[in-house]
Amino acid sequence: MKNKPSCIFDFSTGFLPIGVFERLICLVVGHSVICRKKQIQIDYNSELMEPKLYLNFGSIEFEPGLILNILRRDSDIHDLQQIVLVVEDISRSAEGFVVVQAMLQKLNNDVMGTGLVWDILFESPGDKEEQVLSYDEAKKQSISPWFDQDKNFNSRSDSVEILNADIDNFLESL
């Protein structure tokens, strides 16, 4: 995971309340279960990877081939104020980013009353040191793999609407 690009949702300008990371993990696992059921209906012998869950880390196959590694870590200022996303298949990083960002926005709107504030940063491993860019700078520079020109996940409203419907159902079942 260390040599892969990562997306950081940094809550250190405010705070990351207890339970938000856990709710995010639950949403990702919940969607994974839905995909698992659909995949079994298509091909009974196919399997998605079982989620690996720890206190501050989860590795979940969100959809077939889209493995999200989500970590809660310390920022320079506060303890456990960042949620870090690393996508196993780098070519699907933009897709993973859109999914996690939509889930955090949904949690913020539905559960937190829009009280969460975060910055988005992108880390790219370099030869000597990691490069960290803000969301605006990364988007402006079309930094790969998050803002690849040939992949248009960052402007797909249809996937966000579908994702929101699944999140609504999941949150109602809690």
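Analyst: Buried means under 20% relative accessible area, exposed means over 50%, and partly exposed lies in between. The model is predicted.

User: Is Phe147 buried or exposed?

Analyst: The cut-off for buried is under 20% relative accessible area. Phe147 has 6% relative accessibility. Phe147 therefore counts as buried.

User: How do Cys7 and Cys26 count, buried or partly exposed?

Analyst: Cys7 has 0% relative accessibility, so Cys7 counts as buried. Cys26 has 41% relative accessibility, so Cys26 counts as partly exposed.

User: How many disulfides does a search of the whole structure find?

Analyst: A disulfide needs a pair of cysteine sulfur atoms within 2.5 Å. The search covers the whole structure, and the number of disulfides found is zero.

User: How many aromatic pairs are there, and which parts does the pair of Phe97 and Phe122 tie together?

Analyst: The whole structure holds 11 aromatic pairs. One of them joins Phe97 and Phe122, at 5.4 Å centre to centre with 70° between the planes, which is edge-to-face. Both residues, Phe97 and Phe122, are buried. Phe97 lies in helix 2 and Phe122 in strand 6, so the pair ties together parts 25 residues apart in sequence: helix 2 (residues 93-110) and strand 6 (residues 119-124).

User: Where does the partner of Tyr135, Phe147, lie?

Analyst: Tyr135 and Phe147 form an edge-to-face pair, 5.5 Å centre to centre and 75° between the planes. Tyr135 is partly exposed at 22%. Tyr135 lies in helix 3 (residues 135-140), whereas Phe147 lies in the loop between helix 3 and helix 4.

User: Which residues do ring pairs link into a cluster?

Analyst: Ring pairs make the links here. The cluster consists of Phe9, Phe97, Phe122, Tyr135, Trp146 and Phe147.

Key
Residues are numbered from 1 along each chain as its sequence is written. This is a predicted model: local features need pLDDT of at least 70, side-chain atom pairs count only at pLDDT 80 or more; totals for chains, interfaces and linings use all residues. Side-chain values use heavy atoms; hydrogens and water are left out. Buried means under 20% relative accessible area, exposed over 50%, partly exposed in between (1.4 Å probe, protein chains only). Rings of Phe, Tyr and Trp (its six-membered ring) pair if their centres lie within 6.5 Å; planes under 30 degrees apart count as stacked, over 60 as edge-to-face and the rest as tilted. Helices (H or I, at least four residues) and strands (E, at least two) are DSSP runs, numbered from the N terminus.
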